[in-house]
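Reader: I have a structure open and want to know about the spaces inside. Can you take me through them?

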Amino acid sequence: MSHYITEPCIGTKDTACTDVCPVDCIHPRKDEPEYDREKMLYIDRRACIDCGICVDECPVRAIYREEDVPAVWARFVKLNVAFYEGQEAAKDA
Ligand code: SF4
Ligand code: SF4
């Protein structure tokens, strides 16, 4: 299980969630090169411990537990996963 970031992050992307995540599994942070390129942030499902701390920090309610992601934003689960798969692929290249 994991939490995932959904559409409302686009256009906000204030990184409030990255400051509170105890396992640093929300990226890109402002100090990472991908930050300017990405429209939103993503949660690494392999590292998320489902603590829920980030949920209340988000000013636009963009973060949901996997089973609570609204159906209209279901595709965002794949976008979160794809961001980290892309990073792995880049490392292997
Ligand atoms: S639920 Fe907890 S571990 Fe998962 S991204 Fe949010 S703050 Fe980090
Ligand atoms: S707190 Fe919400 S809007 Fe801000 S970066 Fe995190 S998910 Fe996006």
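Author: The largest cavity holds about 80 Å³ of space. A cavity is a set of points on a 1 Å grid over the protein atoms alone where a 1.4 Å probe fits but cannot get out; grid points are joined across faces, edges and corners, and a volume is the space filled by probe spheres set on the points. This is a predicted model, where local features need pLDDT of at least 70, side-chain atom pairs count only at pLDDT 80 or more, and totals for chains, interfaces and linings use all residues. Residues are numbered from 1 along each chain as its sequence is written, ligands are numbered from 1 in the order in which they are written, and side-chain values use heavy atoms, with hydrogens and water left out.

Reader: How many cavities of 30 Å³ or more are there?

Author: Two, from a search of the whole structure.

Reader: Which residues line the largest cavity?

Author: Among them are Ile5, Cys9, Asp14, Cys17, Cys58 and Pro59. Lining residues have an atom within 4 Å of a point.

Reader: What sits in there?

Author: Ligand 2, with more than half of its atoms within 2 Å of the grid points.

Reader: How many residues surround ligand 2?

Author: 13, and the closest are Cys9, Asp14, Thr15, Cys17 and Cys58. Each has a heavy atom within 4 Å of the ligand.

Reader: Now the second largest cavity. How much space lies in it?

Author: About 60 Å³. His3, Cys21, Cys25 and Asp50 are among the residues that line the second largest cavity.

Methods: 1 Å grid on protein atoms, 1.4 Å probe; cavity = no way out; pocket = protein on both sides within 12 Å on 5 of 7 lines; lining within 4 Å.
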